[in-house]
Structure formats: C-alpha cells, structure tokens
Amino acid sequence: MPDVPSDAVLDATGVAKRFGAVQALKNASLQVKAGQVVALMGANGAGKSTFVKILTGVLKPDSGHVKIKGRDSTVANPAGARRWGLVPVYQEPSLIPDLSVLDNLRLGDTPVDPFRHWVSELGLPDIDPEALIRSLPLASLRIVDLARALAIEPDVLLLDELTAALPTDLVDRVLKTVRAQADAGRSVIYVSHRFNEIAAICDRATVLRDGLTVGDVAIEPGIEERIVEMMLGGAVAAAVSEDRPAKTVPTTTPRLRVKGLKTGTRLTDVSFDLHKGEVLGVVALEGQGQDELFDVLAGNRKASAGTVEVDGTPKTFHHPADAIAAGLTLVPGDRAHALLMSRSVRENIAVPLLARIKNWGAIRMGEEAAKVGQAIETLQIDTRAQGEVRRLSGGNQQKVTIARWIAKGVQTLLLFDPTRGIDIRTKRQIYGLVRDLADEGAAVLFYTSELAEIRLACDRAVVIFNGRVVDVIDAKDADESTLMRAAYGLTERAPA
Amino acid sequence: MTRWIEANSWTLGLAVLLAALLLMTKLIQPDFGASGLESLARAALPFALATVGMAIVVIAGGIDLSIAAMMAVASVTGAVLMDGATDAQSIPIVIGVLLLGLAMGAINGTLIVVTRVPDIVVTLAMLFVWQGVALLILNAPGGGIAPWLRGLITGSFGPDWLPRAIVFLAVVTAVIWLPIRRSKLGLRLYAIGSDPLAAFRSGVPVGQTRIVAYALCGLFAALGGLSVSMGTGIGEPIPGPYLLASVAAVVLGGVVLGGGRGGLLGPILAVLILRTVRMDLTLLSVDPNVAAIIEGSIMVAVVMFGAVLATRGRHA
Amino acid sequence: MTLTDTPTAMSRLGRLVVDRPLLPLIGLLILLVALLAILNPGVLSMFWVSNTLKIAIPLAMLAACQTLTMLTGGIDLSVGTAATIAAYLTATLAPLIGVPPAIAVAIASALVIGLVNGFGIAICRVHPLIMTLGTALIATGCLLVYQRYVIATGVLIPDFLLWLGTGRTWGLPNSLALFIPFAILVIWAQRRSGFGRLLYAIGANEAAARLSGVRVWQVHLTLYTLSSLIAGVTGLLYLGQIKTASLSLALPLDLPSVAAAVIGGTSIFGGRGGYGGTIVGALILTVLTSMLTLMQIPEGGRRILFGLIILAVTALFIRLTERS
C-alpha cells in the first residue's frame, strides 16, 4: 500500500460496506492526485460498483472515510458529493428522458456556455439544446452527460464505463478530452474493463479483488499481465480440477443451437452449439451481452436477429412458457427475480407444475409432495425455515430456484451465475449437481462470473466480449488467466 | 414553428376534434349558440379543474384517487361557511377553502412519502377519509354560496361567445401553473415523473417535490369543489364522477400514465371534448342514462388504450 | 443455515402477525365484543350472535372477492355494483320470465362485468382499481337504463332467497347453509388448487411466476370473472336479506369489503393472507359498526375510521415485512 500522499485530491481509505450477510467491501482505498487519471479495475464481484456508489455519495460506508481536498465527504447524497467537488458520469446517463437538453442543464444548475463548449469539443457541435433527451441516441446521451459534468468544472471526475457502446471516433475524442482534463490539473477516476483505453490515458491503476484494494500500479507497457494476475490473486494455482474424461463432441443434432443472435445494443452476434450431456460455460465481463442472451433463450425477451434451434427445430419464444415447453428452463442471476420470497419452499418449487390451465384444479398433494421432496433431497435443501423462502440463506434460496426445475424435469438448464454470493459448500454441491444432470443426459448452459468454476463444472466455455463470441476454450485449457485474457478481449481468435 | 407543431401535434389534433364536435353540434341543433356554449362551459368547469389537478400528479409520476372526495370537502366547507355570509366575509372563506385544498393534498403526499405505501393505496384510503369528512361537515346537499362567486362563471363576457366559465378556468390555471411550469419546480415535477433515479442523481429533492405535486392537486380539487358549488349554489357532500372522468381526460389529453410527459392544455381540451360528446348525445335526445353509458364506455376505452401505450413504452 | 434477521420483540410480534394473523384477530374480535358488552350490558344474546352473523355473511362473501384479487396485488371495486345488478335483475325479471331464467340472466350479467374487468386488467394491463371503477360506472348506467325501459310489473323475491336471507334454523341464520360450504371451498381452493396457488405466486412475484411459465393474463381473466360471479351470488343472498330491490342495494358494502380483507391480514400488495382472516375481519367490522351505531357515530365518521384503518394496517404491514 502506498503512503497516503499529502497532495491527493481524493483520498479514500479503509472503506468497508456490508449488505446483510455479504461483505461487499472489506478494505478499499483509492488515492488520486491532481493531474492524474487513475483507472479503477476489478473483476466481476470485486466490489467495484459498491465502491463507486460510496465515492459518489449514493451509499454511506460502514467504516473508512472519503476525503476530497482534505475534507471528509462521506455523505449519502449525490448532491452532497457534487458540492464537495466530485462529479460522476454513470454508465446509464442520469438525464431526465422527458426534458430537453437545456432543461436538464437548468435542473442541475449547469452553466450553459461551458456546456456548449464541451459538447462541440467532444464531437457533437450541432446538438440541438431544445431536443428531448429521449429522442437522442445513447451515444449522444453519454456525450451530453459528460459535457454536463465537465461544465461544472469538478475537482474530481468519476467516469464509469464511459465508452461502452460508443462509436470509435467518439471514443477517441472522449479519451483525448479526459486526458486533457488531467493535463489541466484536474483528477479523473476511470472505471473500465478496457486495457487499450487505460493504456492510452491513465497514469495509474488501482485494482480491487474481493472487496480489498490489492494493488496500485503505474501504467507502463506490459502492465496488463500484472493487472490480470492481481485481479486473479493467488487463487490461480490452488484451483483444483477434477479429472474428467474429455468429452468427444457428439456429431448428432445439438440440443440447442444458437446462430447469430442479436438483441438490444449489447448482444450483437452470438452463435454456439450445446449438446446433450454437455455443460457449456459462458465467460464474460459484466455487460457484454450475456444477460440478454439468457433472457432471449428463456423466452423473456425477443431477439432482433438470429435463430434458436432446439433439437434441430427452429423456435421462437413469445413467453417463458414457450421456452419451458421447449425444455429451456432458466435460473436467473438475481434470486429476487425467481423466488416468491413470502411463500414456502414447497410452493416455490411447485409453481411450474401448476402453471398450465389443465393443472389449475385440485392439486394431487401426495404426488406434489413426492416430487418436491425428491427435489429437496437431491439438492439437500435445509428446510428448517421452509415456511418463508426469504428466511433461508442465500445458498438455500439458490437451491430452491434450481429445485423448481429438477421437480419439473430438466432437459436444458440455463444457469446464470448460480453461485454468486453463496458459501463454498453449496457451490460444491451445485457443481456436483450440474455434472450429475449432464451425465443423466441434460444440457446445461452455465454463465459464471467466477472463472475457476469453468474447470470445476464445465466441458467447454464460450467467451463473449462486446456482444460476440471471441473464443471457445476446452475445460482442460481453461485456467483462469487464459479465461481472463480472453474475457478482456486480449486474445481474440476466430471461434472454432 | 414546425417543431412546435410537431411537439404539440396531439394537442392540436384535440383542438381540431373539439372544433369539429362543436360544428357538429351546430348541425344537430341549428340554434346552438352563445347560451349553449355557456352552459357547456359551466358544466365542464368542475371536470376541467379536477383534470388539471390530476394531470399535475400524473405528470409527477403519481395518481390521486381521492380527488373527487377532496372536491366534496371543499364544496361543503365553502357552502357551510358562506351560508348567509356577506361578500366581504366570503373572500377570506374562499382563501381558506383553497388553503384547505392545499393542506389535504399535502397530507396525501406526505403520507405517501412517509409511509412508503404506494400512492394508489394511500389515496384510496384517503378517498374514504375525505368522503367521511365531507359527510361530517354536511350530511346532505345544502348550505349556500356568495352570489358574486356564482356570477364569476355564469354568463359570457363582452363578446357573446366567450363564456365566463372558460375565462375563469383559463385565468386560475394560468395564474397557478404558468409560474410553476417556468420555474425550477416545474422541471422537478416533470423530472420525478420521468425518471426518479436520474432526478435523484441530478440533485432533485424527490420526496419534497412529490408532496408539492399532491398539494397542487389538492388546490385544484378545492377550486373544482368551489366550482361545483358555484354551479349549483349549494354544497355537495357526495363526490361526483370526477375521478374516472379526470383520469380519462388526462390520458386522452396526452399525459402518459407513469409520468413525465404532457401538459395541461391537452387534458383541458379532452375534458371539453368529453363534455361536448355528452351534450351532443343529449341534443340527439339520447336518454341521459344511455348517454352516461356511452360516456363511461368512451372513458374506459381511453384508459385501456392509454394502459396499452404505457405498457408498450415500458417494453420499448 | 443462517436466519437473516435478529429476533427483536418487534420483529417477533411482526412475524406472529404475519404468520398467524388469525390468533391476534380473534383476540381483537373478543376484545371488541367484550367492549360492546360493557358499553351496553345485556346486548349479548343468542339473537345478537345470530343477527351479527347474518349481517356479516354478505360482507364476508364480497370480501372474498377482495381477498382473492388482493392476493395477486389487485382489487375489485365493482363487486357492490355486480351484486346490486344481480339482485335487481332477479327481483324485477322473476315476475316476467320466472325465477330460474331471471337468476340465470342475473348471474350472466355479473359474469359480463367480470369478463370486461378481466379483459382490461389482463390484456390491456389497466390498473385493477381504475378498471373496476370504470366498469362499475358503466354497469350502473346500464342498470338505470334497464330500470327505465323494462316495464316493471312488480318485484318478486324468490321464496328460497327469502328463506336463505332471513330465515333461521335452531336460532342460526339460514345463510350459513350457503356460506359455510362457500367458505370451505374458498379456503380449500386457495391452498389446494393450482389456481389458488398461482394467485399467491403472482402476488408474491409476478415476474417470477412468469419465468416459471405462468401466463399471467389467463389467471387475471379467470380471477376477475370469478370475483364477479361471487359478487352476483352475494347479491342474490343480499336480496333475500334486505327484501327490497334497490338501485344501490349493495353499493355501501364496497368499502367495508376492502377493509375486511385488509384487517384480515391479506396484503393489498399481494402474496400474503387468506380467506380465514378475512372472515374474522368481516366479523370485526360488523361488531365495530354496531358499536359505532350504538355510540351514534355518523356515517361520515365511520368512513373516516375505515379509511384510516386500511391505511394504518397497510403501513404497519410494510414496516413489519420490510426486513430484508
């Protein structure tokens, strides 16, 4: 840990934050001097977004402090953070959609002339100040949001994934402007996954892992490797891989074939095959289109292009019920989206059994109890607090969302980060269960934010970056640094 | 200019529709003239004021189901206090009733912000509370109202075709709303309706602004309640059908349920349209009860259409 | 295995209220009856019990509509209208076309109201409150038209409805013969039928129900039709009880039916509660009303009290369950 520099404009030390049972931040720190651009990096779940929320005053830390120009600024209020001199620009522009550009400026007391200056500097000289925000494309909104922040002349500018979904010419301008800010003596915190941008404009990088600041390094050529190592930590060597016979890729029709899938701005072109008996991992940094991919496959969202084939038959899903009828069942990433928190374990597991009109009548209680009981047994769910799912631990809640589909009968299981925030014992059980399901002939698509899990649970992994498949890696080659490099788009090669 | 037309195309369409309806009225009833227009305007006034109040909360992302009940409270309070009062005494009474409206609205808003119970539940409960209050004040229609108040909305101004009720509506709406619309408060009202998170991040005091929106709704409800009394000369403790009518007019007027979009002119025109339809049905000697069914069906259809649009908007 | 909250006295009380709403509710009912006995000694008698039950039963039946719709996070404010229409049609059509056809028309009319509600709520996604208010308005208009155009040859209230509404057997109201099977059916269906379970599922988490393959619109459409059916049947019973066909027969029951369900522990946000609590809620309201009448509290005061009860119970519920 570097000494606290006396000339740090922003100085955050020992920041910790806990949400219920989850310690999101343990001891995070960040120092930014005048004239510096500091990259804030961390893999999924490292605590980056919590840290950003604390820095910007959206959350109050449990302990630690944030000082801007030597004054304590830990207030849970964005307006307060701004008064202290820190202005954030979020990934989702915080502009009011139904107001004009000019009215948005008035709402936040932003001076208009400097705003105009910055907008044209950033490459949008003829933006119409009377245009409604909702009528502007996302890229323009990012620029407007950034120009608005620059016009306030903040001491510290915090940029959160600023260049995502921005066309390259605008990216260059934005990067140049950000660098110029620092050269003019201001400070910038640059939250990003993109090494090329970080190399282009940042002076230093602060790396988070598991809620801790694990490194603060100067940016120099070849630093990417070291940063990747830091994000992975010492755990790399310790990852144990079960020895599994290598699967021969079957030549039969795949259970699920995805071709050229596209939807929204994030998922641009994803193709892969998933066979019976296979566990296919999906590796991606946050926001690379994996959420949209799973939503489309589960019938929760429509694709704008591309096809989904199940057992060789093309399918279009208008409703999750269609996907379920085709055997595609989703365990979503956020358990709050999947569970009836105020209902019992049994009721939660039985919902899919009752969904269709023909099952609306009397429930065969014995049969239901048997199915539910067996699913509970298979997953070893702790049923001591079964009256209300909200009272279960996170791991047991996750098991309930999986048990639902076990009771229904699994063909193709879509698991979206099923082990996030749960204990190691439950994680192991889930890996085992996934393998057993595959051995019994099910197909499993397994997105995980924990790279080590690819080896533990999967046969192969597709790596998605910027909405496209950039790599396909066999489990035996899927050590964490290979996956991490691929996920950061550092090793792009044509998928097989 | 083209942009203005584009941005206000919906409102312009409503204005054209209203003109067409009035023309049709003239065809149905050749001697429809100033007096017909005058009674139309007078009948529409309470509906229009309720709609303005409702439009403001809907713009701010809420809804107020208690609007008709607040109107009843204002109506009976005014009528009871003014019964036998002199003109000079009636002025502070009017001011008092308007303040009462502000207070009722502010209570609704504060309860929503403080209890965190959804607006629709709070204002449903308050609908019953305000109904009860109105009944406690006056058990049956009664009381009286200062004659000058009745004069405010009866008859027409200089040119025959300009009913006083319309002038009254235009003046009170403009005096209250225009300064707000032009100020930062106006921006904030639209901001919390459009995107509360972005508004919070832009430093808007969301809870406070929400309370103001409900207070303004209460103020217009009080004006609406007074206008009921101005029309009939007495206080009405039983709430009229203003809730559904105002929601329908707000939706028809181009204010999206969910907030952030639209203005007040559109809903006012929509009220006039709905009232003109009602009048035309009467002129066509359609049974008033059948007319009520047709009117109700139009309103429900409008609300359904609005809900479909709002759902689409969320998915897009 | 970790329980997520620490058991403080408040949260333990909260859990009791949330888990076993019946116990504190029955306690409250007994308390109110005792209070009534103190206020008016000698009021308690077999006749009083029977009379209270008789008054509470139509209320409890309409409150079933609120309970079922509230389980999904909805509400049905057209039940009073549907009941009134069913009653009025039966009474006025019976002399013209005979009793069974009159009842068939009455029930069919109630079903139409429910179908329209269901269409608006399930397909157009109108908020249930606005939608049911709207259909109530239209339906009332239709009733007025009907009343003007149908040559009323008189009013006939079928004998078996009179027997059901006003008769007594062994000192107890005959309406129990309808109500007890009805209550058993509702309580059974809410836990032991697929449809009942889905009501809870949609109310607890509509998105999760959807992800589990539930086509929510089918449930909504069925639910609001069912609700109007129950309201129509209640209207028939109420007709036998009140013995007059009025255009506003059951309208005063709209608000108390919501209040009964809310007091009975059914969450207005959905996913919690059940009909057992609602029945006790209806009894509490009936006792409370007779107490207010005894104390000569006017109608206005009663409405204020009911409104405040709904608000307070809901706010309390949010506090008690918001522990995650």
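Predicted model: local features only at pLDDT ≥ 70, side-chain atom pairs only at ≥ 80, totals over all residues.
Let me begin with the interface of chain C and chain B. By that criterion, 40 residues of chain C and 39 residues of chain B take part in the contact. Together, the two chains bury about 3,200 Å² between them, and 82% of this area is on carbon and sulfur atoms.

How many salt bridges cross the interface of chain C and chain B? The rule finds one. The partners are C:Arg148 and B:Asp287, whose closest N and O atoms are 3.0 Å apart. On the chain C side, helix H5 (99-123), helix H6 (128-149) and helix H14 (299-321) each supply at least two of the residues that touch chain B. Among the contributors, H6(C) gives the most, with 14 residues. Sorted by class, the side of chain C that touches chain B holds 25 nonpolar, nine polar and six charged residues.

Chain C and chain A bury about 3,200 Å² between them, with 57% of it on carbon and sulfur atoms.

Which side chains form salt bridges here? Three salt bridges are found across the interface of chain C and chain A. One salt bridge joins A:Glu388 to C:Arg272, at 2.9 Å from N to O. In general, side chains of opposite charge can pair when their charged atoms come close. The rule also finds 13 residue pairs in polar contact across the interface of chain C and chain A, both residues at pLDDT 80 or more.

Helix H5 (87-115) and helix H7 (147-153) of chain B each supply at least two residues of the patch. The greatest contribution is that of H5(B), with three residues. B:Ile95 is in helix H5 of chain B.

Finally, I return to salt bridges, now over the whole structure. A search over all chains finds 33 of them. One example is in chain A, where the side chains of A:Arg179 and A:Asp183 meet at 3.1 Å, N to O. Both residues lie in helix H6 (residues 168-183) of chain A, and they are four residues apart, about one turn of the helix.

To close, let me restate the two interfaces of chain C. With chain B, the buried area is about 3,200 Å², 82% of it on carbon and sulfur atoms, and the rule finds one salt bridge. With chain A, the buried area is about 3,200 Å², 57% of it on carbon and sulfur atoms, and the rule finds three salt bridges. Thank you for your attention.

Methods: Residues numbered from 1 in each chain as written. Chains lettered and ligands numbered in written order. Heavy atoms only, no water. Contact = heavy atoms within 4.5 Å. Buried area = accessible area lost by both parts, 1.4 Å probe. Salt bridge = Lys/Arg side-chain N within 4 Å of Asp/Glu carboxyl O. Nonpolar A, V, L, I, M, F, W, Y, C, P; charged D, E, K, R; others polar. Polar contact = N/O pair within 3.5 Å; in protein donor to acceptor, adjacent residues only side chain to side chain.
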